Amino acid sequence: MSKQIILAKTAGFCFGVDRAVNLVYELVNKGEKVCTLGPIIHNAQLVDDLKSRGVKIIDDVSEAPEGYTVVVRTHGVEKEVVDELENRKIVYVNATCPFVTKIHNIVKEQDENTVVLIAGDCNHPEVKGIRSFCNGESFVFKNENELSNILENHPELSKKSVICVSQTTFSLKEQKKCKKILEKVCTNCKIFDTICNATADRQSEADEISKKSDAMLIIGGRHSSNTCKLRDTCSSNCPSFLIETADELSELDLDAYNVIGVTAGASTPALIIKEVLKSMSEEIKEKEVETTSAVTEEVVETAETADKAAQPAVKASADGEASFEELLNESFKENENSKVVTGTVVRITPTEVFVDVPGRKQTGVVAIEDLSSSNISKCEDEVSVGDQIQLVIMKTDDQDGVLKLSKRLFDAVKGWDEIVAAKEADEVLEGVVTAIIRGGVLISTKGTRVFVPASLTGVPRNQELSVLKDATVKFKIIDINPARRRAVGSIKVVADAEKKEKQEALWATLHEGDKITGTVKSLTSYGAFVDLGGIDGMVHISELSWSRIKHPSEVVKVGDTVEVTIKSLDEETKKISLGFKNIEDNPWEILKNKYPVGSVVDAKIVSFATFGAFANILPTIDGLIHISQISWDRIKTPQDVLKIGDEVKVKIIDVDFDKKRVSLSIKELLDKPEEVIEELVDAPAEEAVEEATQEAVETEAPVEEAAE
């Protein structure tokens, strides 16, 4: 019996890993110095390749070398690590898988009274990161037994607010068992399905393939959680072997197995998968290969013809939908019917174009989907009756008398040369985004589809790629695969170049002291960043208000249009320091212009010292009422007369603008006791007598005695 290999469709890099690895290679290719906070993924071969390209691995933020960009790994890190990166102002790129970030967002939205149950490995970096975002109590369990123990030891959970999330690579089988327990014992628990779709698909397909195989081969790192879960899934159905590279095949005895299933972990590079398949195919004389995703019966053909030197160790397919079938078929093979012909359009319907092809008896038909690489709603938008168009014969059906043709394929072949030339000339192309697919977008240009990875679209990570649908964009070709006629482009590289050009032009117009209008772009705890028309400047929190504020949001919000003053420009570091406070709003200027020495103002007692009391007279300005200026009477402490919060009238008796000091007096507004006595002494004698007489009348004393 001949050997048979069943290849899984859903294997190799998942979206999150592909995104992270591409981010690192992009930084390296740009000439940046890069270090990763821990291995970027759990695959020793890929990590070694990155090391050979100068990428360093650090275990702690403090180890980050000067001038290096730190890349946060796909598993994510603890919240404290991200905070440290930001507080130390270290340049970093967060390559955390979006599915992991989703879990972070779920748990951090819970209040401190909510208990979080986490299905996963408590020692795995992903789980450690998730726990760090929990505001309240959290528990981790890796199987149904550990979950049962938690619920048994903490009966109070049945009365609390509880949620449950899973590590993205957690076992589907184990999750189902645990879910049943929670639904039975902890009915108040809200369960979130956070196992990554790619993980779920891989485990389901691996389970299906292993049931009809004599043995399973799992390719991936031994420290990779999702790869180990694949092995565990398959092991329950047939003998299963986990290998990291093709070299390990020699250690296995696969002769006893006729049907061998093959799958790979989400962090396994395509190149390693190809090498394993190639080694297996060389050992099997009679090859019979089946894929679960296609009806191909081709023999295993690996990338022997690929130019490995021109490619990084890892490369996603240009359309973002890499499968094992594509890994086995690197070179383009034309159909036997493929032939270029010229036809004349004789009739058009909304969905088909009928063409007369000289020398052919069959009716030529071009379906609307084969008419153009662009999305068109009707055929009349592309061609007219009488047009002569060049086409590729896709299929000859003599029985039905139909010749199936494609204008789209011909345009693609013709446009390919222009695509290649555009890359060589570093030319900016223009096209329409026709589709949003896994991992990026497709652009139609010159009859050819160009794949742009999500990281190169220029769309922020927290925004959906759908904003680009049907948009006309400018881009450059950054990579081509001639064998497969695949091209990879970048919208971001063009946008960045345009932005840089605009920034340089703007820098030439800026000067210290200039007033300029901008838009508040973002807020941090230490200030506000303002977009000045392509260049960002920062207003420090101390420059936002003359009053003391705790956060910039007390003064401005994102999207506000503000007028700022350029305080300083640093062209070397490209940093701009901005001022926002108006000089006329400066309380000290108001004091100088409106309240000269001698003015009487309302004040509020705010604090005490042994030598006097401080009173607020204007926002941010407190004046000192010296103890000698509180009362004409001798007092021991200011508290003998005043208390915090008292509102009093004071007289400004001195101002030192250099030292920002104001002296106040309450006493100056009170009558002096000596003046009252003098007035009594100087009064006319008759008035004194009259007063004495009146006093005598009131007291019934002799007038003479009262006068004395």
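User: Why is Phe657 called partly exposed?

Analyst: Happy to start there, keeping in mind that this is a predicted model. Phe657 has a relative accessible area of 30%. Buried would mean under 20% and exposed over 50%, so Phe657, at 30%, is partly exposed.

User: What makes Trp588 buried?

Analyst: Trp588 has a relative accessible area of 14%. The cut-off for buried is under 20%, so Trp588 counts as buried.

User: How do you know that Trp588 and Phe657 form an aromatic pair, and what makes the pair edge-to-face?

Analyst: Two values settle it. The rings of Trp588 and Phe657 are 6.2 Å apart, centre to centre, and centres within 6.5 Å make a pair. The planes stand at 75 degrees, and planes over 60 degrees apart count as edge-to-face. A search of the whole structure finds 4 aromatic pairs, this one among them.

User: Why say that this pair links distant parts of the chain?

Analyst: Trp588 and Phe657 are 69 residues apart. Trp588 sits in helix H14 (residues 587-594), while Phe657 belongs to the loop between strand E32 (647-656) and strand E33 (661-665).

User: And what makes the pair of Phe611 and Phe614 edge-to-face?

Analyst: The ring centres of Phe611 and Phe614 are 6.3 Å apart, with the planes at 80 degrees. An angle over 60 degrees is what edge-to-face requires, so that is the name for the pair. As for accessibility, Phe611 is partly exposed at 39%, and Phe614 is partly exposed at 24%.

User: Why is H4 called roughly parallel to H5?

Analyst: Helix H4 (residues 98-108) and helix H5 (residues 125-132) pack at an angle of about 30 degrees, their axes 8 Å apart. That makes H4 roughly parallel to H5, since angles under 35 degrees count that way. The crossing of H4 past H5 is right-handed.

User: Which residues of H4 and H5 meet?

Analyst: From H4 come Val100, Ile103, His104 and Val107, and from H5 come Glu126, Gly129 and Ile130. Sorted by class, the contact has 4 nonpolar, 2 polar and 1 charged residues.

User: What makes Val353 count as buried?

Analyst: Val353 has 0% relative accessibility. Val353 lies in strand E15 (residues 352-356). Beyond its neighbours within four places in sequence, Val353 is in contact with residues including Val345, Ile348, Leu371 and Val383. Val353 and Val383 are 30 residues apart in sequence and 8.4 Å apart in space, C-alpha to C-alpha.

User: How many of the residues of the protein chain count as buried?

Analyst: Of the 708 residues, 45% count as buried. The chain has 17 helices and 33 strands. Among contacts between residues at least 6 apart in sequence, 66% join residues at least 24 apart.

Notes. Residues numbered from 1 in each chain as written. Predicted model: local features only at pLDDT ≥ 70, side-chain atom pairs only at ≥ 80, totals over all residues. Heavy atoms only, no water. Axes fitted to C-alpha atoms, helices over the stretch in contact; angles between N-to-C directions. Helix = DSSP H or I, 4+ residues; strand = E, 2+ residues; numbered from the N terminus. Parallel < 35°, antiparallel > 145°, perpendicular 65-115°, else oblique. Left-handed = near helix turned anticlockwise from the far one by under 90°. Contact = heavy atoms within 4.5 Å. Nonpolar A, V, L, I, M, F, W, Y, C, P; charged D, E, K, R; others polar. Phe/Tyr/Trp six-rings, centres within 6.5 Å; stacked < 30°, edge-to-face > 60°. Buried < 20%, exposed > 50% of the residue type's maximum accessible area, 1.4 Å probe, protein only.
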